[in-house]
Amino acid sequence: MNFHIMTLFPEMIEHSLSTSILGRAMMKGLISFEAINIRNYSKDDKHHKVDDYTYGGGAGMLMQAQPIYDCYSAIIEKISKARNEAQVDDAEADDNGAKITGDDAAFKPRVIYVTPQGAVFNQQMASDFAKEDDLIFLCGHYEGVDERVLEEIVTDYVSIGDYVLTGGELPAMVMIDAISRLVPGVLNNDESAMTESFNNNLLEYPQYSRPEEWMGKKVPAILLSGDHKKVDEWRLEQSIIRTKERRPDLYERWLSENPPEPEKKKRRRKKSDAANSEANAEITIELGDEKKNHET
Ligand code: ADE
């Protein structure tokens with residue numbers, strides 16, 4: 001996966017993304033980052049200006065279309081060249097001789113404009129983006145970006161939450177981190193084997209390490225029992241409780257995807273009761289019921 005980030009502050013990106021797990025993945029050649037300074041594509045040789053006043057008035061400056069579009073075109077050219085070279089390599093390695101088209105005219109990578117006006121980023125979006133070979137990010141600044149260049153190049157408008165930051169670099173880095181760790185090979189076995197929050201819309205269960213007792217607080221006995229089935233059941237139960245408490249929105253989603261088995265309730269009801277209440281029956285579930293349903 002190759003990330004191409006159009007920004008006015010490339011140093012912000014370069015310093016942050018080359019450490020820890022992402023730095024290791026980069027060294028292994030699993031991912032790459034390229035932060036391209038939009039200012040390099042300014043036509044203003046003296047001040048390298050990339051912004052101007054807004055037509056119709058209003059406070060603040062707007063990023064102009066031309067430097068962004070030229071920056072984007074340079075990235076596309078670079079990606080196309082790399083893809084064509086890879087095609088040539090494949091053809092040479094292939095005895096049958098794969099067809100080399102020479103130019104990849106139809107190729108258009110996804111371009112993510114990070115903006116508070118976008119759809120709010122989530123784990124599902126991260127895993128969709130992780131399937132791409134190349135992703136281009138556009139980081140805005142000032143009062144925004146000339147709409148015409150957005151119309152021309154952007155495929156996805158994405159926000160990291162309902163608040164406004166001073167620029168798009170931090171949101172882009174947040175998304176790049178979440179996407180990168182889903183690229184095959186980026187996480188080692190231990191890291192990827194971890195049960196994660198947002199898998200199946202449930203938050204992760206509480207975890208404990210040594211010592212067994214700290215500040216008078218004991219590790220739950222079940223975790224020391226060695227009974228893996230019981231541990232799994234306890235963890236699922238804890239995940240459900242935690243999600244219900246902290247993220248009722250996710251809990252509702254999980255519940256709709258994991259409805260309790262109505263048979264059990266029906267069996268307990270008399271036939272006549274069931275007939276009366278069926279029309280407006282609202283399934284209210286106690287956590288105990290959920291646990292029972294998931295034990296089977
Ligand atoms: N730029 C400024 N604020 C933002 C946000 N919340 N998400 C994405 N991009 C942004």
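Tutor: The protein chain has twelve helices and nine strands. Helices (H or I, at least four residues) and strands (E, at least two) are DSSP runs, numbered from the N terminus. This is a predicted model, where local features need pLDDT of at least 70, side-chain atom pairs count only at pLDDT 80 or more, and totals for chains, interfaces and linings use all residues. Residues are numbered from 1 along each chain as its sequence is written.

Student: What share of the protein chain counts as buried?

Tutor: Of its 296 residues, 21% count as buried. A residue is buried if 20 or more other C-beta atoms lie within 10 Å of its own, exposed if 12 or fewer, and partly exposed in between, with C-beta atoms placed from the backbone.

Student: And which residues have the most contacts inside the largest nonpolar core?

Tutor: Those are I5, M6, I68, I136 and F137, in a core of 43 residues. A nonpolar core is a set of buried Ala, Val, Leu, Ile, Met, Phe, Trp, Tyr and Cys residues joined through C-beta atoms within 7 Å. In soluble globular proteins, nonpolar side chains tend to be buried together.

Student: What is I136 in contact with, leaving aside neighbours within four places in sequence?

Tutor: I136 is in contact with H4, M6, Y72, I75, P109, V111 and I112. Two residues are in contact if their C-beta atoms, placed from the backbone, lie within 7 Å.

Student: Now strand β6: why is it largely enclosed by the rest of the structure?

Tutor: Because six of the six residues of β6 (residues 134-139) are buried. D134, I136 and L138 point one way from the strand, L135, F137 and C139 point the other way, and all are buried.

Student: In what sense do β1 and β6 pair?

Tutor: Parallel: β1 (residues 2-7) and β6 pair over five bridges. Two strands pair if DSSP finds at least two bridges between them. The bridge partner of H4 in β6 is I136. Strand β5 also runs parallel to β6, and five bridges join them. There, V114 has C139 of β6 as its bridge partner.

Student: Which helix goes with β5 and β6 in a right-handed β-α-β unit?

Tutor: Helix α4 (residues 123-129). A crossover is right-handed if, with the strands pointing away from the viewer, the path from the first strand over the helix to the second runs clockwise.

Student: Okay, new topic. Which residues surround the ligand?

Tutor: V114, T115, P116, S159, I160, G161, Y163, V164, L165, G168 and P171. A residue is near a molecule if its C-beta atom, placed from the backbone, lies within 6 Å of it. Strand β5 (residues 110-120) gives the largest share of that shell, three residues.

Student: How many of the shell residues are nonpolar, polar or charged?

Tutor: Seven are nonpolar, four are polar and none are charged. Ala, Val, Leu, Ile, Met, Phe, Trp, Tyr, Cys and Pro count as nonpolar, Asp, Glu, Lys and Arg as charged, and the others, Gly among them, as polar.

Student: Where's the cis peptide bond?

Tutor: That bond runs from R210 to P211, with omega near 5°. P211 is in the loop between α7 (189-193) and β8 (213-214). Most residues other than glycine have a negative phi, and most peptide bonds are trans.

Student: What about the phi of M215?

Tutor: M215 is not a glycine, yet its phi is positive, about 50°. M215 lies in the loop between β8 and β9 (217-218). M215 counts as exposed, with 4 C-beta neighbours inside 10 Å.
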